[in-house]
Amino acid sequence: MKTIYSPESKILCLWLRKQRELKGLTMREAAHLLGKPHSFIGKIEVGQRRLDVIEFIWYCRSLGFDPIEGIRQLYTEKHT
């Protein structure tokens with residue numbers, strides 16, 4: 001199975017969307033902060049594009065999320 005279709009990937013995508021929404025950012029605003037088109041955000045949040053570890057850290061830091069919290073969420077949900 002490709003990791004993009006894994007349950008863990010879905011958990012992480014949902015976490016990223018929730019964090020963006022908690023920050024009150026639209027996809028367009030988040031994309032602007034990242035210097036990317038808004039479709040980039042949409043593809044990540046629906047699981048059409050995955051982030052490697054470095055991209056994940058850059059993404060989280062640029063939008064003001066804690067990447068460690070995202071990993072913790074992934075680990076916690078997968079092991080409960």
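**Figure 1. Cysteines and the search for disulfides.** A disulfide is a pair of cysteine sulfur atoms within 2.5 Å. Searching the whole structure gives zero disulfides. The sulfur of C13 has its closest cysteine sulfur in C60, and at 12 Å this is too far for a bond. The structure is a predicted model, in which local features need pLDDT of at least 70 and side-chain atom pairs count only at pLDDT 80 or more, while totals for chains, interfaces and linings use all residues. Residues are numbered from 1 along each chain as its sequence is written, and side-chain values use heavy atoms, with hydrogens and water left out.

Figure 2. C13 is buried (under 20% relative accessible area; exposed is over 50%, partly exposed in between; 1.4 Å probe, protein chains only), with a relative accessibility of 8%. C60 is also buried, at 0%.

**Figure 3. The largest pocket.** A pocket is an open set of points on a 1 Å grid over the protein atoms alone, where a 1.4 Å probe fits, with protein on both sides within 12 Å along at least five of seven lines; lining residues have an atom within 4 Å of a point. The largest pocket holds about 300 Å³ of space. It is lined by 16 residues, and S9, L12, R50, L51 and D52 are the closest to its centre.

**Figure 4. Lining of the largest pocket.** Helices (DSSP runs of H or I, at least four residues) are numbered from the N terminus. At least two lining residues come from each of α1 (7–22), α4 (53–63) and α5 (67–78). α1 gives the largest share, five residues. By type, the lining has nine nonpolar residues, three polar and four charged. Nonpolar covers Ala, Val, Leu, Ile, Met, Phe, Trp, Tyr, Cys and Pro, charged covers Asp, Glu, Lys and Arg, and the others, Gly among them, are polar.

Definitions and conventions
Points joined across faces, edges and corners; volume = space filled by probe spheres on them.
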